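Hi everyone, thanks for making time for this one. Let me put the model on the screen, and then we can walk through the places where its parts meet.

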Amino acid sequence: MQITNKEYGEIVKLRSPNTKVAVTCTKAFLFGGIICTIGEGFNNLYGFLGADTKTAGTLTAVTLIFIAALLTAFKLYHRMARHGGAGTLVPITGFANAVVSSGIEYKSEGYVMGIGSKMFLIAGPVLVYSVLTSVVYGIILRLTIY
Amino acid sequence: MSLYLSKGTIELQSAPSIKSFAAAVGKKEGEGPLKNSFDYIADDITLGGKSFEKSEGLLQQNALRLALKKGELSESDISFSFAGDLLNQCTGSSYGLREFSFPYIGIYGACSNMAETLALAALFIDNGIGTNAVAITSSHFCAAERQYRFPLNYGGVRTATSQWTVTGAGCAIVAAHDKPPYVKSLTFGSITDMGVKDANNMGAAMAGAAYETISAHLANTGQSIDSFDYIITGDLGEVGSKLLYDLFNRDNIPIKEKHKDCGTMIYDLNQQNVNSGGSGCGCSASVLCGYILQELAQGKMKNVLFTATGALLSPTMTHQGETIPCIAHAVQLTDN
């Protein structure tokens, strides 16, 4: 073939449609915003019902995770995410979706080799690096305070 | 007797017949533009299987049973079978066909499987080895997703260049020269790596392999694209097809006029949410065994170069940062 991989790579870029950034960013902003607004609503509700700020925050996170897990189980979350993109992926709901969808997917291999070992297939790296980051942050905090 | 022409290309001098063929597909494929061509359309994605891997096996069984029935053949008439699919250990084929007692030859050529199995079956028959040889392959969207990508309910977003794995199986049974369609010649391609790393742009990765094999077949058989009604690729999709035109334009060959791609034929690209088009072994298999062979049998197509394309990628190697090696095999099908 009379074409180098580099030259071919340039034609590939030319012929491959890009993600429509303006549309996807706007949708992500709206979906993410709506999820956070719903979260804020729950936060206010729990506050109104007498929970202190910290407890209301925890209850809000738990509620959102529960809703996302339920929507995933009913095969609705990924339909929403098709439009919401990063707006549905980045909030805590996206994390719940990643764990629950893996659990459902690998149910056919049983509770141990399936659900048990594959549940954190996608969420695993997030957990590993968030724990690592919190350790590093903790060390920096310790060093700066004392 | 087969005649070796040149690098990869073989002429089948007896021109074996494709005695019988059948295509079984899923619901989404059964709603596409070729819905009237398929022999079986599943109304449930599982086909009653307890896992998607089992469903894929059932899809192959359906295609095989239908092809046997259409050819008025029974299991004992089959001398050899060539089968393969996309799953690890060729699960769809080996588990799907385990209840059949005919000889089984498992192969792997990713989405080029239909051309590869058909070429091997035709070679056996052309050389008088056996009386009926089965070529069968399949893919299943859900089984492929979990092996190559993400869980079905995960809210990841597909890129614009990505393709949709076809839920489908195709089965062709080759026998001695009798009625059309005939297998006239074939070219086994070489592994071609165009340096593409993006596993979500398989069309771009495979276009080079398609170019190489089509060019080789034309040169080795002394034909030009004018000899053909159509040059049909397996699953280049919209992006890969455009790149194929670019590659042939450099040789001043206007292949666009003769080209069709199974990946863009099987779905309505504007309505069915499949981005660049269909992919998977079942894509070219179901379009060949549902539509193309039927057209040839009825004389609506006369001379076709069926070139199934395969991305020989491994998710492990993609994670290691490797580029995607690709392959294409071509089978020339005629009505006389």
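Let's start where the two chains touch: between chain A and chain B there are twelve residue pairs in polar contact, with both residues at pLDDT 80 or more. A polar contact here is a pair of N or O atoms within 3.5 Å; within protein, one must be able to donate a hydrogen and the other to accept it, and residues adjacent in sequence count only if both atoms are side-chain atoms. On the chain A side, the elements that give two or more residues are α1 (5–15), α4 (77–84) and α6 (92–105). Helices are DSSP runs of H or I with at least four residues, strands are runs of E with at least two, and both are numbered from the N terminus. By class, that side of chain A has twelve nonpolar, eleven polar and six charged residues. For the classes, Ala, Val, Leu, Ile, Met, Phe, Trp, Tyr, Cys and Pro count as nonpolar, Asp, Glu, Lys and Arg as charged, and the others, Gly among them, as polar.

A quick word on the ground rules. This is a predicted model, where local features need pLDDT of at least 70, side-chain atom pairs count only at pLDDT 80 or more, and totals for chains, interfaces and linings use all residues. Residues are numbered from 1 along each chain as its sequence is written, chains are lettered from A and ligands numbered from 1 in the order in which they are written, and side-chain values use heavy atoms, with hydrogens and water left out.

Back to the chains. Each one brings 29 residues to the contact, meaning heavy atoms within 4.5 Å. Together they bury about 2,600 Å², 58% of it on carbon and sulfur atoms. Buried area is the accessible area (1.4 Å probe) that two parts lose on being put together, summed over both. In chain A, the residues that lose the most area to chain B are A:Met1, A:Tyr8 and A:Glu105, together 27% of what that side buries.

How many salt bridges cross between chain A and chain B? The rule finds three, taking a side-chain nitrogen of Lys or Arg within 4 Å of a carboxyl oxygen of Asp or Glu. One of the salt bridges joins A:Arg15 and B:Asp246, at 2.6 Å from N to O. Over all chains, the structure holds ten salt bridges. The A:Arg15 pair runs from helix α1 of chain A to helix α6 (residues 237–249) of chain B.

Now look inside chain B, which is divided into domain 1 (2–175) and domain 2 (182–334); those bounds come from an automatic or database domain assignment. Their centres, taken over C-alpha atoms, are 17 Å apart. Here 62 residues of domain 1 are in contact with 60 residues of domain 2. The area buried between these domains is about 4,600 Å², with 65% from carbon and sulfur atoms. On the domain 1 side, B:Phe21, B:Cys111 and B:Gln163 lose the most area, together 15% of what that side buries.

Thanks, and I'm happy to take questions.
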